[in-house]
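Q: Please take a close look at a single part of the structure shown here.

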Amino acid sequence: MLRVAAKRLFVTPSPAPQQALRVLPRFYHERVVDHYNNPRNVGSFDNNDPTVGTGLVGAPACGDVMKLQIKVDEKTGKIVDARFKTFGCGSAIASSSVATEWVKGKQMEEVLSIKNTEIAKHLSLPPVKLHCSMLAEDAIKAAVKDYEAKRAKATTANGEETTTGEKAATA
């Protein structure tokens with residue numbers, strides 16, 4: 001009895017066929033799909049390695065977290081390798097993957113000029129996903145800053161050792 005009443009209430013035959021509401025699916029650009037399905041440079045380096053800089057950034061609004069690491073040749077200042085680990089949407093993973101590809105083989109100063117708008121344009125990210133490219137830019141900057149801080153600390157430590165060593169040899 002209840003079924004019959006429910007059918008009468010919710011399924012009313014209409015004399016003219018109604019036009020179905022068409023919902024257009026959102027498609028990601030093929031580059032986003034490619035980097036999501038086949039991410040480049042996934043992994044991590046040893047944080048204690050003095051040639052490695054680590055950038056860890058996150059977006060609390062959406063829950064994306066990105067860790068990007070660079071390995072720098074100390075003699076030339078070139079980034080010889082890069083790795084990432086990202087917890088987030090497909091656009092965040094693709095942005096991380098692109099960022100690691102773009103930083104490899106470049107000088108430290110060059111990678112600081114990489115802007116989120118370039119990453120977003122390359123991946124054709126919609127406005128609602130621009131924060132993913134911003135995370136990638138921030139991760140690059142954080143990794144460079146971390147490497148430079150490690151390098152400054154090592155230089156200071158080496159300078160103190162040399163001074164101490166000279167004093168010990170002189171005395």
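In what order do the three strands form the open sheet, and is the pairing parallel or antiparallel?

A: This is a predicted model, in which local features need pLDDT of at least 70 and side-chain atom pairs count only at pLDDT 80 or more, while totals for chains, interfaces and linings use all residues. Residues are numbered from 1 along each chain as its sequence is written, and side-chain values use heavy atoms, with hydrogens and water left out. The three strands form an open sheet in the order S1-S2-S3, with antiparallel pairing. Strands are DSSP runs of E with at least two residues, and helices are runs of H or I with at least four, numbered from the N terminus; two strands pair if DSSP finds at least two bridges between them. Strands S1 (52-59) and S3 (79-87) are the edge strands, each pairing on one side only. Eight bridges join S1 to S2 (residues 64-72) in the antiparallel sense, and Val52 stands opposite Lys71 in S2.

Lys71 also forms a salt bridge with Asp49, the closest N and O atoms being 3.3 Å apart; a salt bridge is a side-chain nitrogen of Lys or Arg within 4 Å of a carboxyl oxygen of Asp or Glu. This pair links distant parts of the chain, as Asp49 lies in the loop between helix H2 (30-37) and S1, 22 residues apart from Lys71 in strand S2. Lys71 counts as partly exposed because its relative accessibility is 26%; buried means under 20% relative accessible area, exposed over 50%, and partly exposed in between (1.4 Å probe, protein chains only). Val65, which lies in strand S2, is likewise partly exposed, at 36% relative accessibility.
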